[in-house]
Amino acid sequence: QITSLVRRAALTQNDSHFNYEKAHNFKVHTFRGPHWCEYCANFMWGLIAQGVRCSDCGLNVHKQCSKYVPNDCQPDLKRIKRVYCCDLTTLVKAHNTQRPMVVDSCIREIEARGLKSEGLYRVSGFTEHIEDVKMAFDRDGDKADISASIYPDINIIAGALKLYFRDLPIPVITYDTYSKFIEAAKISNPDERLEAIHEVLMLLPAAHYETLRYLMIHLKKVTLHEKDNFMNAENLGIVFGPTLMRPPEDSTLATLNDMRYQKLIVQLLIENEDVLF
């Protein structure tokens with residue numbers, strides 16, 4: 001619990017600029033005209049493939065130097081072509097926000113007019129309308145209009161939020177932590193299980209942790225309206241388990257075997273969000 005409080009304090013203390021670490025996304029690059037390495041300041045020799053360029057922030061360095069560059073990539077919005085399918089940390093650093101603005105916008109809209117909607121998150125909205133919302137975010141970013149006047153059916157907004165999580169190249173619950181979460185879910189003693197889950201949460205990258213925390217606070221609110229929406233923590237676990245966590249190797253068998261543990265993890269995160277985060 002102490003570590004959780006410290007983490008939360010660190011996240012809120014620095015609201016104006018979020019110091020989430022992010023590694024550079026270097027790709028081999030052929031430079032036209034003379035170029036110097038921005039790490040060692042030496043000339044980049046050769047006619048082709050003289051060095052590497054970060055496709056998120058534009059930093060140019062020697063291939064050898066790229067191993068020593070710190071994880072201080074500050075993505076440039078001009079280079080981020082879309083919102084969906086973009087790495088979570090890259091997106092929040094480019095927009096300088098605590099969480100992806102898609103998550104904030106959709107949750108704000110759902111809490112304003114959808115908490116009592118029957119089967120919220122379980123009932124599907126029209127796929128083409130959900131795609132429209134996705135395109136609006138990709139095109140307009142946080143200016144995307146998802147109000148009731150354009151999308152009266154709240155299930156479209158709920159569907160767009162789930163699609164955002166499904167489209168992430170690295171899930172909110174990262175591939176690196178996936179097996180640790182599954183192992184934690186298998187512990188039979190409830191207190192030890194929560195302790196284990198808490199420890200794995202601390203291993204998540206800051207942007208993933210903060211996004212998950214915010215989502216769980218929201219889903220807890222959804223369960224408070226269960227008598228209207230019929231969505232308890234278990235039902236939401238069934239919906240969000242496979243959405244928030246996927247096994248690192250794309251194996252159907254692993255996915256089927258782990259489904260009940262995925263559900264259980266999300267259920268426990270919702271039920272115990274005040275203790276775990």
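Which domains does the domain assignment of the protein chain give? The assignment gives domain 1 (1–81) and domain 2 (101–275), with bounds taken from an automatic or database domain assignment.

## Basis

This is a predicted model, in which local features need pLDDT of at least 70 and side-chain atom pairs count only at pLDDT 80 or more, while totals for chains, interfaces and linings use all residues. Residues are numbered from 1 along each chain as its sequence is written, and side-chain values use heavy atoms, with hydrogens and water left out.

## Domains and largest pocket

The C-alpha centres of domain 1 and domain 2 lie 30 Å apart. Both domains give residues to the lining of the largest pocket, so this pocket lies between them. A pocket is an open set of points on a 1 Å grid over the protein atoms alone, where a 1.4 Å probe fits, with protein on both sides within 12 Å along at least five of seven lines; lining residues have an atom within 4 Å of a point.

The largest pocket holds about 340 Å³ of space, the volume being that filled by probe spheres set on the points. Its lining has 18 residues, and Glu21, Thr89, Ile170, Pro205 and His208 lie nearest the centre.

## Second largest pocket

About 170 Å³ of space lies in the second largest pocket. Two or more lining residues come from each of α4 (127–140) and α5 (154–167), helices being DSSP runs of H or I with at least four residues, numbered from the N terminus. The largest share, five residues, comes from α5. Residues lining this pocket include Val123, Glu131, Lys162 and Arg166.
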